[in-house]
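Here are my notes for your first look at this one. Have the model open while you read, and go point by point.

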Amino acid sequence: MDGSQNPTRRAPASFDVDGHVERLRVDGYTIIEDYMTPAQLAAFRDGMAPHLGIYRGRNSFEGRATERVYTIVGRGKVFEEITEDTRLLAILDRFLMPHYLLSANHAICIHPGEAQQNLHYDDSFYPFPLPRSSISISTIGAIDAFTPENGGTVMYPGSHLWPTERRLALGRSYEAGRPTGEDFIQLTMPAGALCVFQGTLIHGAGANRSDKSRLAYTNHYCEPWARTQENFYLGVPRERVRGMSQTLIGLLGYDLRRPYDIMGQVGGYHPAKVLDPAFVLPVERTGRP
Ligand SMILES: O=C(O)CCC(=O)C(=O)O
């Protein structure tokens, strides 16, 4: 869906929203090279340090030599900033309906020796025939520079337009942990860069053949009528949500979906009302419902 009815976000005037939108439409991905500042990169590393070095993925998709830290938005200011940056939102406004939601939000640390991740597209769990518009838009942010050696994401430019049969053929030609068949690229980008890509674009994390870990994060944003991957109402304590911006609170789902202002209601009220400590849930009241 073209979100041209969305209000224009106040991204800096120098930011080339149209250029990014065009690359997303044609190639299925685009890169914002200077997305994070050096200070944000340092804050990300500091904020993530207590959570890393502990855990490994539970299956080959999560990555058995990969650590994933979910719901990072509740873990510090920098994670909030990179989730609601106006440059990114200005791009998303052009692809998703107003009141779109944050769907996935986690750090991905790929350790040396990790194999190539299975090729996939991120909104494959929305069961509508392909080709179709993306129901979600994904991002992957480099905290360490991405290289072909350390697991830079494998991507198939233009594959967001492919029908199912062509995707399946690619799956059959995928052997020995290496992508084959069609032309692919491996994301090479500096620390601090963000790649924005279509939820229907075929990709997968690359194998890490280097001797260092590759730290990154991924945020996905979905249409306001779609179910989100992570459940932020339950995953982020309300005291933390209260300290967030109105924009971010809306992205976490404390929002109503127009036109009827009914999807997301809490007992007939706007869901952001539950953030007021004085608000009594309608099911716990007597008298006025
Ligand atoms: O880490 C990457 O490069 C991509 C990860 C990915 O595509 C995923 O986990 O869905």
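**Notes on the model**

1. Let's begin with the ligand: one of its oxygen atoms is 2.9 Å from an N or O atom in the side chain of His-203. That is a polar contact, meaning a pair of N or O atoms within 3.5 Å; within protein, one must be able to donate a hydrogen and the other to accept it, and residues adjacent in sequence count only if both atoms are side-chain atoms. Taken alone, the ligand exposes 290 Å², and the protein buries 94% of that (areas by the Shrake-Rupley method with a 1.4 Å probe; for residues, only the protein chains shown count as cover).

2. Before you go on, some ground rules: this is a predicted model, where local features need pLDDT of at least 70 and side-chain atom pairs count only at pLDDT 80 or more, while totals for chains, interfaces and linings use all residues. Residues are numbered from 1 along each chain as its sequence is written, and side-chain values use heavy atoms, with hydrogens and water left out.

3. Back to the ligand. A polar side-chain atom of Thr-153 lies 2.6 Å from a ligand oxygen, and for Arg-214 a polar side-chain atom is 2.7 Å from an oxygen of the ligand. The residues around the ligand (a heavy atom within 4 Å of it) include Phe-61, Arg-68, Gln-117, His-120 and Asp-122. By type, the shell has 4 nonpolar, 4 polar and 3 charged residues (Ala, Val, Leu, Ile, Met, Phe, Trp, Tyr, Cys and Pro count as nonpolar, Asp, Glu, Lys and Arg as charged, and the others, Gly among them, as polar).

4. Stay with Thr-153, which sits in the loop between β4 and β5 (154-155). Helices (H or I, at least four residues) and strands (E, at least two) are DSSP runs, numbered from the N terminus. Is Thr-153 buried or exposed? At 3% relative accessibility, Thr-153 is buried (under 20% relative accessible area; exposed is over 50%, partly exposed in between, with a 1.4 Å probe and protein chains only). Not counting residues up to four places away in sequence, Thr-153 touches Ile-140, Phe-146, His-203 and Arg-214, among others; contact means heavy atoms within 4.5 Å.

5. Now turn to helix α2 (residues 38-48), whose buried residues are Gln-40, Leu-41, Phe-44, Gly-47 and Met-48. Down the axis of α2 these fall within an arc of 130°, so they line one face of the helix (the arc is that of the directions from the helix axis to the C-beta atoms). On the other side of α2, Pro-38, Ala-39 and Asp-46 are exposed. The cover over the buried residues includes β2 (66-70), α3 (77-83) and β9 (214-222).

6. A few backbone spots deserve a look. Most residues other than glycine have a negative phi, and most peptide bonds are trans. Thr-71, in the loop between β2 and α3, has a positive phi of about 50°. His-99 has a phi near 75° and is found in the loop between α4 (86-92) and β3. The peptide bond from Leu-130 to Pro-131 is cis, and Pro-131 belongs to the loop between β3 and β4.

7. Last stop: Arg-242, in helix α7 (residues 238-242). A polar atom of the Arg-242 side chain lies 2.4 Å from the backbone oxygen of Leu-275. Leaving aside neighbours within four places in sequence, Arg-242 is also in contact with Val-274 and Pro-277, among others.
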